[in-house]
Amino acid sequence: MRRTLTRADFPLAETAPDQVQGARGKPLEALTLEAVLQGDVTIEDLRITPQALLAQAEIARDAGRAALAENFERGAELVAVPQELIMETYEMLRPGRVKDAGVLRERAAMLRRDYGAEKLAEFLETAAIHYQRRGLMPG
Amino acid sequence: MSDTIQVNRWRRYSDWDGRPLRLDRFAKEDPANGFAAFKSPADPSPGLTLAAGRIASMDGVLAHDFDMIDAFIAEYHLDPQIAPEAMAMDSGEVARMLVDMHVPRERLVQLAHGMTPAKLVDVVSRLNAMEIAFAYSKMRPRKTPGNQAHVTNAKDDPLQLAADAAVAAGHGFDEVETTMRVARCAWSNALACLVGSSVGEWGTLFQCSSEEAEELRIGMAGFTSYAETVSVYGTERSFTDGDDTPWSKAFLVAAYASRGIKARCTSGGGAELLMGYHEAKSLLYLEARCLCLQRGMGVQGTQNGGIDGAPITASIAGGMREMMAENLLAVWLDLECASGNDARATESEIRVGAKILPYLIAGSDLICSGFGSILKYDNSFNPSLFNGEEMEDFLTLQRDFEADGGLTPIPEAEALSLRIRAVEAISAVLEELDLASPTQAMKTSVIAASGSRETQTFSTGETARISEEIQARGINVIDVIKALAKRGFRPEAGNLLQIVKLRVSGDYLQTSSIIRQGRILSAVNDPNDYGGPGTGYRLTDARKEEINEIRDLIGQSEVLSDQARHRRAESRRITYAPQGEAPKGANPHEVVIGISPAFGLQLYQTTAGLALSDVLSALIRGITSGGGVARILRMHHTADTSFLGLTAAEMSGSGFGIGIQAKGTAVIHQRGRMPHNNLELFSNAPITTLAHYEGMGRNAARWTHGERPEPVVVPTDGQALGARFHAQVALIYAIETGLTDPSRPPEETFVTFADTGAKA
């Protein structure tokens, strides 16, 4: 198993460029202007990966930023989630959009099941408790 | 009584009425209506109780009564490991720790993570403005200060946006933010600023402030690299009125991370007051709630310090200090701080300068959020504290205080070439992607224009069409890179690729990240290590030199070459023929004019821009009309006005003489007087006219007739003549003193004027 990263590993693009890869597995060094012009690099290659976000979470935690690390971990879980689903979930979290806490819990369960998004699911479940308590569910 | 003095107004008040300050309106302190900066009776006292490791109450509210904000703070911000210790500490003691250079930043950050909003407020409200600025300087996360620009355009003109973004990047802004006049132009504005900011050195982060979902889509297309529009509020009603909750906003923050886009939240004093849901709480208490919330969300940073609420905050007593305290809370909580100084909070330039100074000398992650790098009327966010009009004022303040405001002066020619390159680049992209074909006339007008009122360019409707097409065709940054490279803009194409590549490693998602010289600087690898004098951020010699190079500096060579431009013209007007050592005069109506060593030899104009031949001619004319006889002696032993005059008087048959320096300072003197106790003095040479010199000559002559003439007064309008002329004056005077020879006696000088053939 790989060791836990620390502040000393920052920035990863300088300390471990070979291990930093885009969404389709291309390492940083392969993301050259030539490769772009030849059509070998697309926007997909320039997307962040869950691995990169988890690596940044480790660095953040070592720097004393646990809350930032948790945000990166939630972000890592969202990488694979399609844009429409993200926007739909965001919409559900806005005030008064869902009628009862069950809908939010179902979304949490779906994210957990389909995307392995454990932390996000917990986050949504906590929201559901407080939304209900504060009367944000008109139904 | 009939002889009572009838005056109904001291007109000084009318003068004051006319000043820009009077356009600002100030609010009475009224906590019940939300007008209180630091403290309101409705603010809770700090408090925290834990039961079985869970928070049972916070700031006087029981857990089951928590509103969404309380609940979120309790859940995600407060660290139960630290809270008991932090909450038990004396607030005065913590306040002293904030300004104690021996207490490390890390220790204070750790304590803040265990403090409730009311506790944080209780601590920082004990600091005066200077202490807040000092603590801010010590607590801000990244060592190297930075700055952010607004680049917007009243016409949403892609050509001008590109040109202005290039100039902003050239000045060294670490971030550029745009928004639109017409929402439909979002994609076009993003494309234009992105291409413009790729001209020159790479590393300017860019955002396009628009509707949440669209902003994320623009980011996913690779056009933007950061976002700061995630607004949060300090009361539940403001939050839900803004159609969000702490959870929805935190979700959005995670979504940005998942797309590799740097994000920060936005909050600021006065927001809840403007939205009508302030709960009668003080501005600072509500902002403390916002900031604890943001830390709990795990966002890396905040844009706070009034922001849109800055004008109303500045209308309240202590408002500017409150905004500083807000920013201090942000950095104490370890958030990157884009420290406001954006919305123009006043019409008074004095208040503008005073507002910025603490940030400039303390440094800040991003001093302005942002600085309006375009003209005021082009700012689609509304005018900033500083704008394109005032860019050089800011650059000068950096130089004055040797303080790094994140900006660098650029030579005029460089600014122009950046604009040309940017307009050519965006035009190439528009053509290559078959979006539009800017004409030569459009390009030319934009490159030269200071603001959009001067341009002949696309209409906003045409731009909206371009924008909608970018979106509809799914054009992304790769298409832009290819278009740039194909049309010969390879450096720009490479720069754009570098920016998008940042999201692959995600390094720049860490707290307070900016790009300098192609490398990431953040609170992780460039942490603020202030621990007293000699530590923390210091200007290097190279950086100092950059900051110092503002426009039109003068030195001796500039003064000499300026004077030399007048040499030939003067040589056609006047000749000075030295006659050797001068005898004492005997004529009882003689007035000797003692000219200085460089007068007409190396220096040819007064600081008022008068030719010395004309000045001398005016003096002589005056002396003659006053019934005197002029004689001219060149002094070699002194360049001082008083001694020029006194020596002239001593050599004069009448005992009266005039001394004059080449810069135009002149004096009437009398034999036997103390050197600095003269009869008349023109000390403000820059505003002294030929008529004044003629009057002086006449008066000197009248003295020889035993009269006491009315002194000639040179009226001043209160100009800062020292600021305008002293650098030049000192250099000119050095030329004069360089020619002095203490042992050389006054020299008889025959002067011939070419136009009249008159001699003296």
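## Backbone of chain B: positive phi values

At 55% relative accessibility, B:N382 counts as exposed. This residue belongs to a predicted model. B:N382 has a phi near 95°, a positive value in a residue other than glycine. Its place is the loop of chain B that runs between β11 and α18 (391–401).

B:A52 also has a positive phi, of about 50°, although it is not a glycine. The loop between β1 (48–51) and β2 (54–58) of chain B holds B:A52. With a relative accessibility of 83%, B:A52 counts as exposed, because the cut-off for that class is over 50%.

## Cis peptide bonds

In chain A, the peptide bond from A:F10 to A:P11 is cis, and its omega is near -5°. A:P11 is part of the segment that comes before α1 (12–15) of chain A.

In chain B, a cis peptide bond with omega of about 0° joins B:S369 and B:G370. B:G370 sits in the loop between α17 (349–362) and β11 (371–372) of chain B.

## Overall form of chain B

Chain B has 760 residues, of which 61% count as buried. Its secondary structure comprises 30 helices and 20 strands. Along the principal axes, the C-alpha atoms of chain B fill a box of roughly 110 × 75 × 60 Å. Where contacts in chain B link residues at least 6 apart in sequence, 76% of these contacts join residues at least 24 apart.

## Surface and charge of chain B

A nonpolar patch on the surface is formed by B:W10, B:Y13 and B:W16, which together have about 360 Å² of accessible area. B:W16 lies in helix α1 (residues 12–17) of chain B. The relative accessibility of B:W16 is 38%, so this residue counts as partly exposed.

## Salt bridges within a chain

Over all chains, the structure holds 60 salt bridges. One of them pairs A:E73 with A:K119, whose closest N and O atoms are 3.2 Å apart. A:E73 lies in helix α4 (residues 66–78) and A:K119 in helix α7 (residues 118–133) of chain A, so the pair ties together parts that are 46 residues apart in sequence. A:E73 is buried, with a relative accessible area of 11%, whereas A:K119 counts as partly exposed at 38% relative accessibility.

Within chain B, B:E279 forms a salt bridge with B:K281, and the closest N and O atoms are 2.9 Å apart. Here B:E279 is partly exposed, with a relative accessible area of 38%, whereas B:K281 is buried at 15%.

Salt bridges that share partners also join A:E91, A:R94, A:R97, B:E212, B:D243, B:D244 and B:K249 into one network.

## A salt bridge between chains

B:E236 forms a salt bridge with A:R134, the closest N and O atoms of the two being 2.8 Å apart. This pair crosses between chains: B:E236 is in helix α11 (residues 236–241) of chain B, and A:R134 is in the segment after α7 of chain A. B:E236 counts as buried at 12% relative accessibility, whereas A:R134 is partly exposed, with a relative accessible area of 30%.

Methods
Residues are numbered from 1 along each chain as its sequence is written. Chains are lettered from A and ligands numbered from 1 in the order in which they are written. This is a predicted model: local features need pLDDT of at least 70, side-chain atom pairs count only at pLDDT 80 or more; totals for chains, interfaces and linings use all residues. Side-chain values use heavy atoms; hydrogens and water are left out. Patches are made of residues with over 30% relative accessible area and no salt bridge: like charges are joined within 9 Å, nonpolar side chains (Val, Leu, Ile, Met, Phe, Trp, Tyr) within 5 Å. Accessible areas come from the Shrake-Rupley method with a 1.4 Å probe; for residues, only the protein chains shown count as cover. A salt bridge is a side-chain nitrogen of Lys or Arg within 4 Å of a carboxyl oxygen of Asp or Glu. Helices (H or I, at least four residues) and strands (E, at least two) are DSSP runs, numbered from the N terminus. Buried means under 20% relative accessible area, exposed over 50%, partly exposed in between (1.4 Å probe, protein chains only). Contact means heavy atoms within 4.5 Å.
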